[in-house]
Structure formats: structure tokens, C-alpha cells
Number of protein chains: 2
Amino acid sequence: MSVTRVDVARRAGVSEAVVSYVVNDGPRPVAAETRERVKAAIEELGYRPNVMAKALMGGATGTVGLLMPSPANPFFAELAEAIEKALVARDNHVLIGIVTGASARGEEYVASFIDRRVDGLIVIANPLLETALVDAAGRTPIVFLDRIAKLRGSSSVMVDNVAGSAYAVEHLQSHGHRVIGCIAGPPGIGASVDRVAGWRRQQQSVGHDSSDDFVAFGEFTEAGGEAAAYTLLAPEGRLAATGREVPSAIFVSSDIQAIGAIHACSLLGLRVPEDVALVSFDGTKIGQFARPSLTALRQPIHDMARDAVSMILDSDDGRPARPRASVLQGNLVLGESCGCRDDVGSHRV
Amino acid sequence: MSVTRVDVARRAGVSEAVVSYVVNDGPRPVAAETRERVKAAIEELGYRPNVMAKALMGGATGTVGLLMPSPANPFFAELAEAIEKALVARDNHVLIGIVTGASARGEEYVASFIDRRVDGLIVIANPLLETALVDAAGRTPIVFLDRIAKLRGSSSVMVDNVAGSAYAVEHLQSHGHRVIGCIAGPPGIGASVDRVAGWRRQQQSVGHDSSDDFVAFGEFTEAGGEAAAYTLLAPEGRLAATGREVPSAIFVSSDIQAIGAIHACSLLGLRVPEDVALVSFDGTKIGQFARPSLTALRQPIHDMARDAVSMILDSDDGRPARPRASVLQGNLVLGESCGCRDDVGSHRV
DNA sequence: CTGTTAGCGCCTTCAT
DNA sequence: ATGAAGGCGCTAACAG
């Protein structure tokens with residue numbers, strides 16, 4: 001079968017313990033010469049420590065669990081990839097769990113991950129995991145992404161959704177828009193709430209209407225964005241139907257919804273950005289290839305991933321992990337959807 | 001600490017072995033009454049078998065490894081999600097590895113996954129893993145997706161790329177197109193090669209030009225598709241520059257490339273589908289929200305996932321897994337990009 | 001500095 | 001039908 005520590009020990013003419021000391025750099029010192037001999041034996045035999053046995057002893061497994069929404073949303077796909085890369089760069093691996101909307105599978109995932117002795121859990125905003133995570137919190141470090149950690153001892157990485165959204169809305173205002181709608185994410189998710197808050201704050205700060213009539217909620221999907229856009233823009237929609245002023249611009253809470261919204265505009269015969277200007281949140285790659293390309297508040301995906309991973313991995317270093325929290329800022333990426341560019345059609349990417 | 005089998009045994013007033021028999025339904029029978037008592041104890045104590053210990057004994061870990069390209073390509077994102085769902089539905093979990101282009105990390109992933117005792121490996125087309133997988137093949141079942149299994153003992157799930165592409169091209173031909181270009185995926189990947197073959201076969205079968213001049217290779221990314229489109233369509237591109245006839249239609253090997261190609265057309269002032277008709281391969285959700293929406297050959301994602309998972313999980317059931325192979329057919333999804341629909345009037349360029 | 005050894009939690013013959 | 005005991009590969013305390 002596979003080569004074990006005993007084989008290495010025999011080959012190097014030492015005891016099993018010494019092999020351990022060499023592999024783990026401790027807890028006891030080893031003579032330089034002996035160490036070389038052992039290393040050679042390991043090399044020659046192609047010995048690899050058995051992760052299971054180590055875990056059984058309570059050691060680290062080099063595996064962290066990632067709980068995330070569907071990667072059909074390109075933002076989550078990009079974020080997941082960034083996290084995976086950051087983890088692998090530090091010799092860890094990812095156990096993944098996709099927690100879709102209403103499914104209560106969350107608890108099962110958490111339990112299974114704990115069973116598999118993950119060294120930590122990275123959880124991307126999903127309000128349904130509350131109870132499941134409570135008891136997990138005591139067993140392994142947890143980092144929340146895009147969600148304030150209410151759990152004792154857990155950490156969080158946030159982007160400043162309020163400031164980012166406000167900035168995006170301000171950009172729209174700078175183009176002269178006054179009636180600016182808001183397509184929100186699913187209610188109940190912190191990020192959704194904050195982005196609406198950012199839109200509202202910015203509209204209020206210059207005295208524009210920010211009543212709930214201008215807010216349409218939808219899932220973080222193309223269809224969600226499309227439906228929300230209809231609500232705000234269609235002749236039979238909420239606003240037009242009651243004779244209210246129809247927005248000349250919309251702040252959309254995610255790129256994927258913006259793509260759906262553009263689709264809706266297209267079907268309604270509205271041009272983007274001429275008839276309706278759009279700015280969204282996320283700044284994904286595919287948004288830049290949308291037609292028109294999206295002006296969006298880009299989330300600092302790689303920084304988010306780096307911080308989250310660091311909070312998990314560096315916690316083990318000294319003591320039981322002191323909870324941390326980081327708040328990152330996004331930046332605006334200019335595309336065509338806001339009406340900024342006159343040179344539509346003449347630029348290269 | 002956590003509750004072990006000993007606790008359950010004590011609580012139920014039986015020996016540890018009996019607990020095992022109950023948990024695993026064997027290998028020895030247990031009296032119905034005793035069984036109930038043990039089950040009750042398990043329930044009350046919230047006992048969960050230690051996966052690590054079981055794996056140490058050579059048992060299944062309920063974890064399978066998935067090696068895939070970047071989920072920034074929505075097709076892979078959808079496929080990965082389908083696989084994850086299929087696996088979880090059968091009480092397994094996914095260790096994920098994203099293997100990007102030229103990185104030779106493949107070997108590391110495979111080794112790490114084996115270390116973690118995965119019950120199987122699902123590998124989505126990546127030519128770089130050859131050597132790494134050779135020795136893995138003996139240790140765990142492997143299923144290749146979109147790639148013929150050359151490895152002894154491994155299985156594969158394929159979609160009929162040649163037939164699918166040919167069908168897509170035929171659709172273009174039915175609209176009257178004769179000069180049809182081909183945007184290919186990265187050379188070296190079986191699926192790429194086959195899709196070009198399908199395009200060529202169909203063009204040849206009706207006597208149209210299918211020379212290499214009409215084929216442009218590119219990565220499975222937006223940028224890859226954009227660049228390839230330039231090659232075929234731009235005034236300074238390969239064809240126009242030499243006075244050759246410029247395609248009135250293009251078969252694109254993936255949705256994500258098609259999105260890039262549309263972008264290129266837009267920048268070149270070419271309307272889709274009026275000036276250039278497009279049909280792509282994949283049939284992802286986001287393709288339906290592209291502008292124009294994509295006519296595409298949809299891959300049977302859920303069937304692919306189901307088959308792949310079944311090949312891994314059902315192999316363990318009886319004997320050492322008899323290698324299987326399944327070939328699935330796609331179906332054409334009609335969108336606006338091919339020019340089928342007359343109701344594109346609502347779109348402006 | 002290096003060797004010995006007792007578990008970690010579980011499964012599985014082998015007895016009873 | 002049930003219990004006892006060995007061992008999976010590794011770590012860490014405890015000798016030497």
C-alpha cells in the first residue's frame with residue numbers, strides 16, 4: 001500500500017518519532033545530519049503524511065469550508081475563485097457548499113464540514129445559516145463575508161456598501177439625473193439593505209426623492225433584475241401606472257441584475273444609457289462585456305479574499321484566534337451604461 | 001470533547017461493536033430491540049461518526065474532488081453547481097480545485113486530494129493533468145468530463161461536440177449563410193477540436209469553404225472571443241486584409257466567447273445578427289440575457305452532472321468500478337443572435 | 001538528541 | 001446476537 005512513517009524510519013535507520021520531528025519541525029530538535037538522512041528517505045520513498053491520521057490527533061487538516069451562493073452570479077464566481085486561489089497559495093484546500101436561497105441545507109453543510117474537521121469556515125452572506133453556525137462557532141474559526149459577524153468570536157470582511165452605493169448614485173447625479181430608482185437585492189441580506197441605504201442617503205443629501213416607491217427588490221439574478229426593472233419602468237409598472245415620474249436612471253445592486261435590467265429596457269424599447277442610465281454594484285468582468293458595458297462600483301475581490309483567508313489561517317498561529325473585522329472600499333469602474341462616454345463604439349478594451 | 005462511539009455504547013448498555021453494527025447496518029446482525037436502544041442513544045447524544053477515523057480504516061470519506069477551469073466562464077460555473085448539487089443529494093461533499101490555464105498546479109491538486117482520501121475525482125477537460133492523474137488512477141475512480149478517458153480504468157462523460165456543432169452550423173446555413181467562420185476554443189482541448197470538426201464537417205457537407213482561414217482560436221473567455229472575432233471580421237483582420245470574403249455568420253465554440261464576439265462586433269460597427277449572425281455552444285443562462293440573446297447549442301448540464309456523479313459513487317458499490325462512458329446530446333436554444341426572430345425590432349444598435 | 005509507547009475513533013475478524 | 005481486541009498512521013509525552 002502507501003508508504004508510511006514506519007517505512008521512512010526504517011529506510012533512514014531512525015525511529016518513527018524522529019520522522020515526525022523532521023516533518024513537523026518539532027516539537028523536539030533533530031541533529032542536522034539525521035535530519036538530512038530522513039529527508040532523503042522521505043524523498044526517495046515519496047512519503048506523504050496521512051492527513052486523516054493527523055486530523056484524528058486533532059491536528060490541522062489544511063482544509064477550509066466555503067459556504068456561498070450560486071456561482072451563476074459572476075460576482076460570487078469571481079470571489080470564490082479568488083478565495084480558492086488565496087487558500088491554495090497557502091497550501092490549503094477548499095470544501096465547497098453552495099447554499100441556494102430558501103434551502104435549509106445550511107445546517108447540514110456546517111455539520112458535514114465540521115465532521116470533516118475543516119480548519120475554518122468562510123461564509124458568504126446568507127441569513128439562513130444562523131442557527132447552524134452557532135455551535136460551529138465554538139469548534140472552528142468563522143469568517144463572514146459581506147455580513148457583520150454577530151456570532152461571538154467570529155470575524156468579518158465587509159465592503160463599505162453604503163459608501164460605495166452612495167458614490168455610485170452620486171455619479172449618476174453628476175450626469176444631471178434627479179429621479180433615480182433603486183433595484184435592491186433580496187431583503188434580509190445585509191448587503192442589500194446597506195446598498196439601498198447608500199442610495200437613499202445620497203438622494204436625500206441633495207434633496208431628491210428617495211421614497212420606497214422608487215425601490216424594487218429582486219433576487220441577485222438576471223431575472224430578478226429584469227422583473228425589478230419592469231416594476232420601475234414599464235407603462236404598467238408601479239410608477240407609470242400611478243402617474244408618477246419614471247426614473248431616468250437606476251442604481252442596481254448587482255451586475256447580474258443590471259444585465260437583467262438592460263434586457264428589460266431592451267424589451268421596453270428604452271435605450272441605455274440614453275433613456276435610462278444604469279450604474280451597478282460589483283464590477284465583474286462580464287459586466288465590462290455587457291452591451292452597454294456596465295459602469296459599476298467594483299468590489300475589491302482579491303483583498304476580500306486575502307483578508308478572509310488570513311483571518312482563518314493566521315488565527316491558528318498563536319492563540320485561539322482573536323476576532324477581527326475589516327471594512328474595504330470599492331472603486332468606480334466606468335463603462336457605457338451611465339452615459340459617461342461619448343465615444344461609444346470607438347474604444348478598445 | 002465530542003461524543004464518541006464509547007459514549008453511545010455506554011448509554012445504550014451495549015458494546016462499542018454493536019454501535020458500529022447499527023451505524024453501518026452490518027456486518028453482523030443486531031436484535032431489533034437492541035438496535036432501537038442504540039439508535040435512541042445516538043439521537044440523544046447527538047453522536048456523529050468521526051469521518052477521519054473511518055477514512056483511516058480505509059472507509060469512504062464521502063468527499064469527491066472536482067478539478068475544473070475558472071468559474072468565470074458561466075458554463076463551468078453552472079456545471080460545477082450541478083455537480084455539487086448532485087453530489088450533495090447523495091450525501092457527499094466537494095473538494096474543489098480550480099486549474100487555470102498554464103499553471104502546473106494540477107499535480108499538486110491531485111496529490112492533495114488523494115491525501116484527503118477523496119472517494120473519486122471528477123475532472124473537467126484540462127490537458128495538463130495527464131501525468132498527475134496517471135498514478136491517481138490506481139487509487140481512486142476518475143471521471144473525465146468532456147474528454148475521452150485515455151487512462152486505464154477511468155470513465156468519461158461527453159457531449160457529442162461534433163454533432164452539436166454541426167447542428168448549430170446547419171442552423172446558420174438554413175438562414176442562407178454560406179461563408180461561416182469558426183471561433184474555436186484553446187487548441188489542445190478535445191472539446192475545442194471536436195467543435196471545429198463539427199463546423200468543418202457541416203460546411204463541407206454542403207460544399208462551403210471550411211479552410212483554416214476561417215478558424216480563429218481563442219481562450220474560453222470574453223477577451224478570447226473578442227480577439228478571435230477581430231481576426232475574422234476586422235478590416236485589418238486576417239480575411240479582409242487579404243481581400244477574402246468576410247463571414248456573414250460565425251459559429252462560436254462557447255457562450256462566453258460569443259459575448260466577447262458581440263462586443264467586438266459592436267466596436268466594429270457590425271450589427272448582430274443583421275451583419276453577422278452568431279450561434280454558440282453551451283446554452284448558459286446568461287447567454288439568454290445577452291444582447292442580442294444567444295442562439296446556442298445547450299449542453300445537458302444536469303445529465304452530465306448526474307452521470308459523472310453516478311460513475312463515481314455507484315462504482316464503489318460492487319466491484320472495483322467498471323469504467324463507463326456516456327455520450328450525451330445537446331439541443332439548440334433559439335435566441336436572437338442567429339437572426340431567427342423577426343421581433344428583434346425592439347433592439348437598436 | 002533519539003527511541004518507546006499510549007492513545008485519537010473507528011471497523012472487523014475472532015471468540016463467546 | 002454480542003463482546004473483546006488488534007490495528008489504520010500519526011503525534012506527543014515520557015524515558016533513555
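The model is predicted. DNA strand D is surrounded by 27 residues, and 27 residues likewise surround DNA strand C.

**Surroundings of DNA strand D**

- The closest residues to DNA strand D are Arg5(A), Tyr47(A), Ser15(B), Pro29(B) and Thr34(B).
- Of the atoms of DNA strand D within 4 Å of the protein, 61% are in sugar or phosphate, and the rest are in bases.

**Phosphate contacts of DNA strand D**

- The side chain of Tyr47(A) places an N or O atom 2.5 Å from a phosphate oxygen of DNA strand D.
- For the side chain of Asn24(A), the corresponding distance to a phosphate oxygen is 3.4 Å.
- Ala31(B) approaches through its backbone, with an N or O atom 2.8 Å from a phosphate oxygen.
- Helices H2 (16-24) and H4 (51-56) of chain A and helix H2 (16-24) of chain B give two or more residues each to the surface near DNA strand D; H2(A) gives the most, with four residues.

**Surroundings of DNA strand C**

- The closest residues to DNA strand C are Ser15(A), Thr34(A), Met57(A), Arg5(B) and Tyr47(B).
- Sugar and phosphate make up 55% of the atoms of DNA strand C that come within 4 Å of the protein.
- H2(B) supplies the largest share of the surface near DNA strand C, namely four residues.

**Phosphate contacts of DNA strand C**

- A polar backbone atom of Ala31(A) lies 2.7 Å from a phosphate oxygen of DNA strand C.
- Tyr47(B) uses a polar side-chain atom, 2.6 Å from a phosphate oxygen of DNA strand C.

Conventions:
Residues are numbered from 1 along each chain as its sequence is written. Chains are lettered from A and ligands numbered from 1 in the order in which they are written. This is a predicted model: local features need pLDDT of at least 70, side-chain atom pairs count only at pLDDT 80 or more; totals for chains, interfaces and linings use all residues. Side-chain values use heavy atoms; hydrogens and water are left out. A residue is near a molecule or strand if one of its heavy atoms lies within 4 Å of it. A polar contact is a pair of N or O atoms within 3.5 Å; within protein, one must be able to donate a hydrogen and the other to accept it, and residues adjacent in sequence count only if both atoms are side-chain atoms.
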